[in-house]
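Subject: Two-chain model, handover and findings

Hello,

Here is the structure I said I would pass on. My notes on what was found in it follow below.

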Amino acid sequence: MKLTRFALPLIAAAALAGCSSAVKLDEPAPVETRTTTPPASTTSQGTTAPAAESRVATVDLNAQYTEQVRDKRVVYFDFDSDAVKEEYRPLVELHAKRLNNNKRLAMTLEGHTDERGGREYNLALGQRRAEAVAKSLTLLGVGGAQVEAVSFGKERPAAQGSGEEAWAKNRRVELKDK
Amino acid sequence: MLEPLVSVSRRRTLAALAALGAGPALAQLRIDIAGVGGTRVPVAIVDFRDESKSPQPIAAIVRADLERSGLFRSVDAPAGLSETSVPVWTDWRARQADALAAGSVSRLADGRLDIRFKLWDVVKGAEVVGEAHAVQPDDARLAAHRIADTIYQKLTGDRGVFATRMAYVTKAGRRFSLVIADADGEGAKVALASPEPIISPAWAPNGRELAYVSFESGKATVRIQDVQTGGRRVLADFKGTNSAPAWSPDGQQLAISLSREGGTQLFVINRDGSGLRRIAQSGAIDTEACYSPDGSKIYFVSDRGGSPQVYRMPASGGSAERVTFGGNYNISPAVSPDGRTLAYISRIGGAFRLSVMDLGTGQAQQISDANDDESPSFAPNGRLIVYASRAGGKEVLMTTTLDGKIKTPLLVTLAEVREPTWGPFTRQ
């Protein structure tokens, strides 16, 4: 992306929007169109320095969020339930921040069930769980195109065997980057 | 080990079918008869004259087919008779045979086998039927099954299913295979090998294609595969999960479950992938569609009432009526070919059990006392149901009569087996 072409409209947009966080370079400026003729190089020189700082800050945030969610990629569920429990609210919020910060990021939410019951009905239950997590994210502003809810039903257990200990580990949604 | 017909990891289609060998690394399907009930009709099947000209032992296959049905038992049948003989009735009555069959095998000038047989009613002392089958040597086994079908039909009045095939899925470690085998478990061929799960195989009514759900692309998509050539195509790969294919009786469209509009809902799609249309709207899970044999209705599973039950609605969509009422978990509907019986899985006290319902009276009956029954499928003569169950800690396939009285386990020695589906009468 060329700083000289977008710096001026974006700085203007930032001022208009009253943004206090880093400028989002991959979002179109709300008032300017992209076909605006580029500003003369002398005028842009004075604005390059602050824009460069903002860009560096955005990249750091992206990496920061990615690191923060590294070990927070599974949501577990109670038996026969697709309710996203309160204890997972911080996890969901973290993922929402990450996705909102980088609109080019897309994720697959993979729903699973424990081994009990029919394959197709469990496929649908896993789908319900994945969609529940997706909804939690979209309610926090994440775009619908950024999350795809899919299901593996009981076909891909995380823990083998029977009994509540294994079953509890299998009733889950995994949040994976595409 | 020979190549499977299609291997997902290799991403290429092989032109020839490959047979599963009997090697230690592969699953072997063997039939085991246990728990036979009722009186079995004694039949004498004489080894066919010049049977060694056939690559397959015709009489032995016929005997095994008839015994496996649970309705017949073989009596001693010394060699020496063929279809041209005149049986000595006193001899056969002394052997306690009610029916007698004998035949011969000869080679035709063009290399084909001429397999002939006659069936006699020993009690009446009269001929019942005689047939001649001209087949390529490779089809000797199929000819034997067709002879068993004829004998079965003449003696019971029902069409035999010995010449039909089944498809099922095996799992060995992280390797999944979609397998097609004869109804006696022989001739198993791997139609698809994949490192990802395969579920819900469904035969096209003409027996030429199989639809199934594959997870090879990282999520559930519905595919259709030509049984003969192995050629595959994607039928449904929409956003989210695509599953539960069910062919309409005329083979022109399939009902499928899609999550593309949120939730799991029922759609119908033409067999070529065109004409997608949604046929039900519920805020619940709607899945496992199954057409009635006359194509006018679709049975399906829905938890719109709070728990999964079997419902029925017009095939083009419309208001649904609930069909199952016992218990709070009824899934996996299958309708008999005459449209009169529903087979399904019912959770009773934590155990998942095969059940049947008379659709005329609504009378339901649990016909299994196992704990983990799945995916019932009717034989095309409506006399048997094949289903997946668990015995001795292993997944196995079982066939049962509709009253649950005669059950025959099909043992798989090495792999887990699940998702059986019985093929149609027409064998291409």
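This is a predicted model: local features need pLDDT of at least 70, side-chain atom pairs count only at pLDDT 80 or more; totals for chains, interfaces and linings use all residues.

Chain A

Chain A has 178 residues, of which 31% count as buried. Five helices and four strands make up its secondary structure. Read from the N terminus, the order of elements is α-α-β-α-β-α-β-α-β. Of the chain A contacts with a separation of 6 or more, 73% are between residues 24 or more positions apart.

One helix pair in chain A was looked at in detail. Helix α3 of chain A covers residues 89–101 and helix α4 of chain A covers residues 119–138; their axes come within 9 Å and cross at roughly 60°. That angle makes α3(A) oblique to α4(A). By the definition above, the crossing of α3(A) and α4(A) is right-handed.

Which residues of α3(A) and α4(A) meet? From α3(A) they are A:Val92, A:His95, A:Ala96 and A:Leu99, and from α4(A) they are A:Val133, A:Ser136 and A:Leu137. By class, this contact of α3(A) with α4(A) has five nonpolar and two polar residues, and no charged ones.

Where the chains meet

In the contact between the chains, 15 residues come from chain A and 23 residues from chain B. On the side of chain A that touches chain B, the elements giving two or more residues are α4 and β3 (147–153) of chain A. The largest share of that side, eight residues, belongs to α4(A). Its classes are six nonpolar, three polar and six charged residues.

Chain B

Chain B has 428 residues, and 49% of them count as buried. Its secondary structure comes to three helices and 32 strands. Residues 24 or more positions apart supply 45% of the chain B contacts with a separation of 6 or more.

The chain is divided into domain 1 (38–156) and domain 2 (165–422). The C-alpha centres of these two domains of chain B lie 36 Å apart. Six residues of domain 1 of chain B touch six residues of domain 2 of chain B. On the domain 1 side of that contact, α1(B) gives the largest share, three residues. The domain 1 side divides into one nonpolar, two polar and three charged residues.

Helix α1 of chain B

Is α1(B) enclosed by the rest of the structure or open to the outside? Helix α1 of chain B runs over residues 58–68, and nine of its 11 residues are buried, so it is largely enclosed by the rest of the structure. The buried residues are B:Ile58, B:Ala59, B:Ile61, B:Val62, B:Arg63, B:Ala64, B:Asp65, B:Leu66 and B:Arg68. After α1(B) comes B:Gly70, which has a positive phi near 80°.

Helix α1(B) packs against helix α3 of chain B (residues 140–156) at an angle of about 45°, and the two axes are 9 Å apart. At that angle α1(B) is oblique to α3(B). Their crossing is right-handed. On the α1(B) side the residues that meet the other helix are B:Ile58, B:Ile61, B:Val62, B:Asp65 and B:Leu66. On the α3(B) side they are B:Ala140, B:Arg141, B:Ala144, B:His145, B:Ile147, B:Ala148, B:Ile151 and B:Tyr152. The classes in this contact are 10 nonpolar, one polar and two charged residues.

Why does B:Ile61 count as buried? It has 24 C-beta neighbours inside 10 Å, and the cut-off for a buried residue is 20 or more. Leaving out residues up to four places away in sequence, B:Ile61 touches B:Gln56, B:Arg141, B:Ala144 and B:His145. B:Ile61 and B:Ala148 are 87 residues apart along the chain, and their C-alpha atoms are separated by 8.1 Å.

Regards

Terms used
Residues are numbered from 1 along each chain as its sequence is written. Chains are lettered from A and ligands numbered from 1 in the order in which they are written. Axes are lines fitted to C-alpha atoms, for helices over the stretch in contact, and angles run from 0 to 180 degrees between N-to-C directions. Angles under 35 degrees count as roughly parallel, over 145 as roughly antiparallel, 65 to 115 as roughly perpendicular and the rest as oblique. A crossing is left-handed if the near helix is turned anticlockwise from the far one by less than a right angle, and right-handed if clockwise. Two residues are in contact if their C-beta atoms, placed from the backbone, lie within 7 Å. Ala, Val, Leu, Ile, Met, Phe, Trp, Tyr, Cys and Pro count as nonpolar, Asp, Glu, Lys and Arg as charged, and the others, Gly among them, as polar. A residue is buried if 20 or more other C-beta atoms lie within 10 Å of its own, exposed if 12 or fewer, and partly exposed in between; C-beta atoms are placed from the backbone. Domain bounds come from an automatic or database domain assignment.
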